[in-house]
Structures are given as structure tokens and as C-alpha cells.
Amino acid sequence: MINRKSRDEIKRMRHAGHIVALVHQKMKEVVEPGISTKELDNIAMHIIKENRAIPTFLGYAGFPASICTSINEQVVHGIPSEDVILKEGDIIAIDVGATYGGMVGDSAWSYRVGKVSDEVDKLMKVTEESLYAGIEQMRPGNVLDDISKAIEAVANREGYGIVRQYGGHGVGHEMHEDPFLFNYSVGDNTLIKPNVAIAIEPMLNLGGDDVVVSQEDGWTVSTKDGKPSAHFEHTVIATEDGPLITTQLMK
């Protein structure tokens, strides 16, 4: 069942999203060659807790960290480690969740580590573009497939692979709620109603669509062909005034 959020729930989701945005603001400052993904996790954990929130990811289905850190060909669910050190030319997708007042904010962003290649830079820009194309369709009266088609159109324009096993999702009291949102058209005519919240999160690949899950840790998802992937995500609420992005800094 797709739950519509009350005014109070939206207020708490915006507060949770603000905390997530604070983490991303800090990640933009500290992501650089030489830092470990474990240190990034420690920084994120501190920001979430000092703002009286709970790191949503920590312990979720046994996940051992407060953020996901996915580098280069890793798509999602990378586990922070003291042994994983960022180097010049990497890209890293950092996925952050915070729970405040029982409501969740969920957002991912891909970051350049120093200077990246032109083709990877373009992949990141286009993936971010596809996110905002999807967000633009998050309006009451539209259907879920309007979002999916908008994301797919941007990806297809550049010939990028689209991760098909993972996608967006409802969010609110839980990190994953109904509905599931595909990043490509499947003809889902589920109506978007006012005050429905969805985490929209395109994951586009420089190569093909296919991905594999690490047999070593059971979490890290990587492209099958080993080519880079980018991941961008915002939590968005459909309102009569248009899409409301909750995972950004409140003024």
C-alpha cells in the first residue's frame, strides 16, 4: 500500500532530509585523495548523531555502517573500510539515510575525487540530469511511468546502461516502502497522489546494464563489465505546488 504523508510527517521528513543534506555538504568538502571510506563513515555518523537523528542504514538487514560508499564500477551498497583509500581520478557514490522523529530522509550523490576523465565527468553530469528529469514528473496526476520514462530518455540519449535490478522506492516511516520505482519504462500506470514520498535514484553505467553482487561481502553491487557507474538520489514528495525535495538544506 502506498501511504500518503500527513503535514506533521512531511515536517519530520524535511528535518531528516536536512540532516542528510548536512552530511552531503560535508562530504563535498572532505572527499579527496588519501581519505578512507571508513573516515567518511565516521564523519557522517557524527553529523547524524549530533543532530539527534539515527543513522538509518546502520544495522539495516545487517548492514555494518551508517553510509554506503561505492567507488568507480561499484554501483550501490559499498561498505566503508579503513583499507579503502580514495585516489585521484576515482568517483564515489555516497548514500546517506537519517531517521528523525520516526521519519526517514534518503539521498545519494556521486563525487569526483580530484580530476576525473572527461567520459566519467559526463556520466556524472548526465546521471544528475536524469535525476532532475525524473523529479520534474513527481506531480499529482502523473503516473510512476512518467518518472521512469523521463530518466530512461536521458540515459538513452547518451547510450548509457541503466541498472535494472535496483531503483527508487517509497520512503517515510521505513527506508523502503511501496511503491518500487523503475528507472526505465515498464508501463506502470500507478497514479501519483498528493503527499506521496518517493526516493528517486537513477543509477547509470558507462557500459552495459548488468550488475553483480559481491560474493565476499554479500552487499557491494558492481557493474558486470567493470565500467564506471554513477548514482544520484533525492527524497521527493508530490505536492499540489510541485515536487518537494526533502533531502536538501532547509532555509
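Visitor: Which backbone oxygen lies 3.3 Å from a polar atom of the side chain of S229?

Guide: The backbone oxygen of L204. That pair is a polar contact, meaning two N or O atoms within 3.5 Å; within protein, one must be able to donate a hydrogen and the other to accept it, and residues adjacent in sequence count only if both atoms are side-chain atoms.

Some ground rules come next. This is a predicted model, in which local features need pLDDT of at least 70 and side-chain atom pairs count only at pLDDT 80 or more, while totals for chains, interfaces and linings use all residues. Residues are numbered from 1 along each chain as its sequence is written, and side-chain values use heavy atoms, with hydrogens and water left out.

Back to S229. This serine lies in strand β13, residues 229-231. Helices (H or I, at least four residues) and strands (E, at least two) are DSSP runs, numbered from the N terminus. S229 has a relative accessible area of 4%, so it is buried. Buried means under 20% relative accessible area, exposed means over 50%, and partly exposed is in between (1.4 Å probe, protein chains only).

What surrounds S229? Setting aside residues up to four places away in sequence, S229 touches N72, E73, Q74, V75, I91, L123, L204, N205 and T223. Contact here means heavy atoms within 4.5 Å. L204, whose backbone oxygen makes the polar contact, is on that list. Another pairing in space involves G161: its C-alpha lies 8.8 Å from that of S229, although the two are 68 residues apart in sequence.

S70 lies in strand β2, residues 67-71. Its relative accessibility is 4%, so S70 too counts as buried. A polar atom of the S70 side chain lies 3.4 Å from the backbone nitrogen of H77.

Axes are lines fitted to C-alpha atoms, for helices over the stretch in contact, and angles run from 0 to 180 degrees between N-to-C directions. β11 and strand β12 (residues 221-223) run antiparallel and are joined by three bridges. Two strands pair if DSSP finds at least two bridges between them. V212 has S222 as its bridge partner in β12.

Strands of a sheet pair through backbone hydrogen bonds, either parallel or antiparallel.

There is also a sheet of five strands. It is open, its order is β8-β7-β9-β14-β15, and its pairing is antiparallel. β8 (177-181) and β15 (242-245) are the edge strands, each pairing on one side only. Neighbouring strands in this sheet are turned by 30 degrees against each other on average, direction ignored. Four bridges join β9 (residues 197-200) to β14 (residues 234-239). Among the residues involved, A199 has T235 as its bridge partner in β14. Helix α1 (residues 7-30) packs on the sheet and touches β9, β14 and β15. The helix direction makes about 155 degrees with that of β14.

Last, the charged pairs. The structure holds 12 salt bridges. Each is a side-chain nitrogen of Lys or Arg within 4 Å of a carboxyl oxygen of Asp or Glu. K38 and D41 form one of them, at 3.8 Å, N to O. Both lie in helix α2 (residues 37-50), three residues apart, about one turn of the helix. K38 is partly exposed at 28%, whereas D41 is buried at 2%.

R112 pairs with D121, with the closest N and O atoms 2.6 Å apart. R112 is partly exposed at 33%; D121 is buried at 19%.

R157 and E158 also form a salt bridge, at 2.8 Å between the closest N and O atoms. E158 is partly exposed at 26%, and R157 is partly exposed at 47%. This pair belongs to a network of salt bridges that links K122, E129, R157 and E158.
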